[in-house]
Amino acid sequence: MKIDLHTHTSYSDGKLHPEELVKLYAEQGFDILAITDHDNIDAFKPAMKAAREHGIELIPGVEISTLFQGRDLHILGYYVEQNKELLELLDFIRNERVYRAKKILALLKEHFDIELEMDRLFEISGTKDVIGRPHIARAIVEKGYCKTQQDAFDNYIGDNCPANLPKQSVTPEEAIAIIKRADGISVMAHPIYSGGITNIKAMIKAGIQGVEIYYPGQEGCTDYMRLVGKHDLLCTGGSDFHGFTDDYKVLMDFEVPISCVTELKKYKGVK
């Protein structure tokens, strides 16, 4: 079976609408798909309709942005229920994203005389409440200030650049607790980019239920697998597909074992 448990749509920072994403995965022969938009679960309803039409199993998910020791650390939530507490958390994070984007635009103008409009960022993102630095980078390239989005990060809005602004977000412990209270399963996303072994150990103490083991660039990481096995945690995996050119190359070769889904379902108690 072909499986991907980590994908993004235009409801966060992906390129494809939910229906387009599901159609693509069905055409590529996938059987099971999870949509894990950043701080947003609104794509699930349209994606579910498309999944029924294309005969693909859809697992509800989300990727919550948290801050741990001054750096981003993302927590995936699977099979989350749309309870009031979770929705309020996601609203808070999205509102902070919009505030941050406005401040970054002001810093771009102040430091580099780069002028961008919030309305254009909303058009690029496709929503009124999910704005991130990738959308700002696309706008910078669009206006001709840089040739590539990576150039925009390297020169203007990257972590150590004058026009970057630190996020105001929740802690991993808060996100993990809220996912659990929403009857979901919390999983640490892409540890290769999130502090590796050190932070996996920290997330275990915080109550994480699983770790994303199968991820582009970290396949076969035996240290991660040994630690997860020692603590009897769930293993998940996904391509982190956003719909951009390089993502398609990964999608063709990337594999997630069926055990990732069977163990998730067993833990959740679903068939």
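In this predicted model, let's start with helix 8 (residues 196–206) and helix 9 (residues 222–230), which pack with their axes 10 Å apart at an angle of about 15°. Angles under 35 degrees count as roughly parallel, and helix 8 and helix 9 are therefore roughly parallel to each other. If you look at how helix 8 passes helix 9, you'll find a right-handed crossing. On the helix 8 side, the residues to look for are Gly196, Ile197, Ile200, Lys201 and Ile204, and they meet Asp223, Tyr224 and Leu227 in helix 9. Sort the residues of this contact of helix 8 with helix 9 by class and you get five nonpolar, one polar and two charged.

Helix 9 also leads us to the strands. Helix 9 lies across strand 6 and strand 7, and it runs at about 150° to strand 6. Strand 6 itself is mostly covered, with four of its five residues buried. Which residue of strand 6 does valine 187 face? Valine 187 stands opposite glycine 210. Methionine 188, in turn, stands opposite valine 211 in strand 6.

How many strands does the open sheet have, and in what order? There are seven, in the order 1-2-3-4-5-6-7, and their pairing is mixed. Strand 1 and strand 7 (234–237) sit at the edges, each pairing on one side only. On average, neighbouring strands of this sheet are turned by 35° against each other, direction ignored.

Strand 1 (residues 3–7) runs parallel to strand 2, and three bridges join the two. For threonine 7, the bridge partner in strand 2 is isoleucine 35. Are the two faces of strand 2 (residues 32–35) covered or open? Both are covered: Ile32 and Ala34 are buried on one side, and Leu33 and Ile35 are buried on the other.

Helix 1 makes its contact through Pro18, Glu19, Val22, Lys23 and Ala26, while helix 2 brings Pro46, Ala47, Ala50, Ala51 and His54. By class, the residues of this contact of helix 1 with helix 2 come out as seven nonpolar, one polar and two charged. The crossing of helix 1 past helix 2 is right-handed.

Next up is another helix pair, helix 4 (residues 118–125) and helix 5 (residues 133–142). Their axes are 9 Å apart, and they pack at an angle of about 110°. Since 65 to 115 degrees counts as roughly perpendicular, that makes helix 4 roughly perpendicular to helix 5. As helix 4 passes helix 5, the crossing is right-handed. To find the place where they touch, look for Arg120, Leu121, Ile124 and Ser125 in helix 4, which meet His135, Ile136, Arg138, Ala139 and Glu142 in helix 5. The classes in this contact of helix 4 with helix 5 are four nonpolar, two polar and three charged.

Finally, zoom in on a single residue. Isoleucine 178 is part of helix 7 (residues 172–181). Why does isoleucine 178 count as buried? Buried means under 20% relative accessible area, and isoleucine 178 counts as buried because its relative accessibility is 9%. Which residues does isoleucine 178 touch, leaving aside its neighbours within four places in sequence? Isoleucine 178 is in contact with Glu85, Leu86 and Leu89. Take leucine 89: it is 89 residues from isoleucine 178 in sequence, yet in space the two are 8.4 Å apart, C-alpha to C-alpha.

Methods
Residues numbered from 1 in each chain as written. Predicted model: local features only at pLDDT ≥ 70, side-chain atom pairs only at ≥ 80, totals over all residues. Heavy atoms only, no water. Left-handed = near helix turned anticlockwise from the far one by under 90°. Contact = heavy atoms within 4.5 Å. Nonpolar A, V, L, I, M, F, W, Y, C, P; charged D, E, K, R; others polar. Buried < 20%, exposed > 50% of the residue type's maximum accessible area, 1.4 Å probe, protein only. Pairing = 2+ DSSP bridges. Axes fitted to C-alpha atoms, helices over the stretch in contact; angles between N-to-C directions. Parallel < 35°, antiparallel > 145°, perpendicular 65-115°, else oblique.
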